[in-house]
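I opened my notebook on a structure that was new to me. Here is what I looked up, entry by entry.

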Amino acid sequence: MGLEDLSHNFLTGNIENLVRWARRNSVWPATFGLACCAIEMMSAGAGDFDLARFGMEVFRASPRQADLMIVAGRVSQKMAPVLRQVYDQMMEPKWVISMGVCASTGGLFNNYAVVQGVDQIVPVDVYAPGCPPGPETLIHAILTLHEKIRTGAITRHKGEGEGIHLEQAGVLSREVVAAGASVKIVGKK
């Protein structure tokens with residue numbers, strides 16, 4: 001009998017809130033820096049910005065100890081299978097932050113060698129825009145993810161690229177979280 005079989009009542013509601021609180025305050029990121037965005041990700045963990053206040057002071061070298069992947073920088077076609085393998089080895093529930101315009105859409109590298117959006121490889125939960133996005137933007141994306149974890153269900157995690165919505169005529173629409181605002185990017189597949 002799993003958590004899915006329990007009916008929602010006073011006791012299970014409080015346990016669910018406790019589990020959400022624990023998950024939100026103990027997100028452990030995996031080290032996956034690919035380009036210049038990785039420098040900004042490293043500075044977010046330094047003393048000036050201090051990710052330790054969110055329970056994220058140590059970037060894990062092993063995907064088996066991590067539940068958050070921050071894809072920082074452009075993803076080449078050769079790196080895509082490695083990224084997917086690291087994602088598959090992470091523990092459940094797991095989340096992904098796409099950091100920077102290169103990871104989110106391919107950026108100015110519109111060619112055959114660079115993946116045009118990491119959401120083609122792994123499901124992305126939060127997008128951090130910018131080239132490169134500063135530590136403040138990454139921290140805002142982390143806080144947005146914390147809010148998703150706080151309000152989400154504990155028994156299931158979609159993991160289907162929650163920020164992506166397919167619309168009519170093959171048009172791809174993507175919600176991007178930017179410093180307090182939500183921006184919608186629409187483009188052809």
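**Layout.** I counted five helices and seven strands in the protein; helices (H or I, at least four residues) and strands (E, at least two) are DSSP runs, numbered from the N terminus. Reading from the N terminus on, I noted the order α-β-α-β-α-β-α-β-α-β-β-β.

**Ground rules.** This is a predicted model, where local features need pLDDT of at least 70 and side-chain atom pairs count only at pLDDT 80 or more, while totals for chains, interfaces and linings use all residues. Residues are numbered from 1 along each chain as its sequence is written, and side-chain values use heavy atoms, with hydrogens and water left out.

**Confidence.** I looked up pLDDT, the predictor's confidence in each residue, from 0 to 100. The protein averages 76, and 74% of the residues score at least 70. Over residues 156–189 the pLDDT is below 50, yet this stretch has 70 contacts in the model beyond near neighbours in sequence; contact means heavy atoms within 4.5 Å.

**Burial.** I found that 41% of the 189 residues count as buried, meaning under 20% relative accessible area (1.4 Å probe, protein chains only). I also checked contacts between residues at least 6 apart in sequence: 70% of them join residues at least 24 apart.

**Largest core.** Which residues touch the most other members of the largest nonpolar core? I listed L51, L68, I70, I97, M99, L138 and L145, out of 21 residues. A nonpolar core here is a set of buried Ala, Val, Leu, Ile, Met, Phe, Trp, Tyr and Cys residues joined through side-chain atoms within 4.5 Å. At least two residues each come from α2 (37–44), β2 (68–72), β3 (95–99), β4 (126–128) and α5 (135–151). The largest share, six residues, is supplied by α5. Another core, of 17 residues, lies apart from this one, and F32, Y87, V96 and V122 are among its members.

**One residue up close.** I followed I97, leaving aside its neighbours within four places in sequence, and found it in contact with L68, M69, I70, V71, V126, L138, A141, I142 and L145.

**Helix α3.** In α3 (residues 80–89), I marked A80, L83, V86 and Y87 as the buried residues. They sit on the same side of α3 because they cover an arc of only 125 degrees around the axis, taken from the directions from the helix axis to the C-beta atoms. Their cover includes β2 and β3.

**Charges over rings.** I looked for NZ of Lys or CZ of Arg within 6 Å of a ring centre and within 35 degrees of the ring normal. K94 lies over the face of Y87, at 4.3 Å from the ring centre, and R74 lies over the face of F109, at 4.8 Å.

Definitions and conventions:
Buried means under 20% relative accessible area, exposed over 50%, partly exposed in between (1.4 Å probe, protein chains only).
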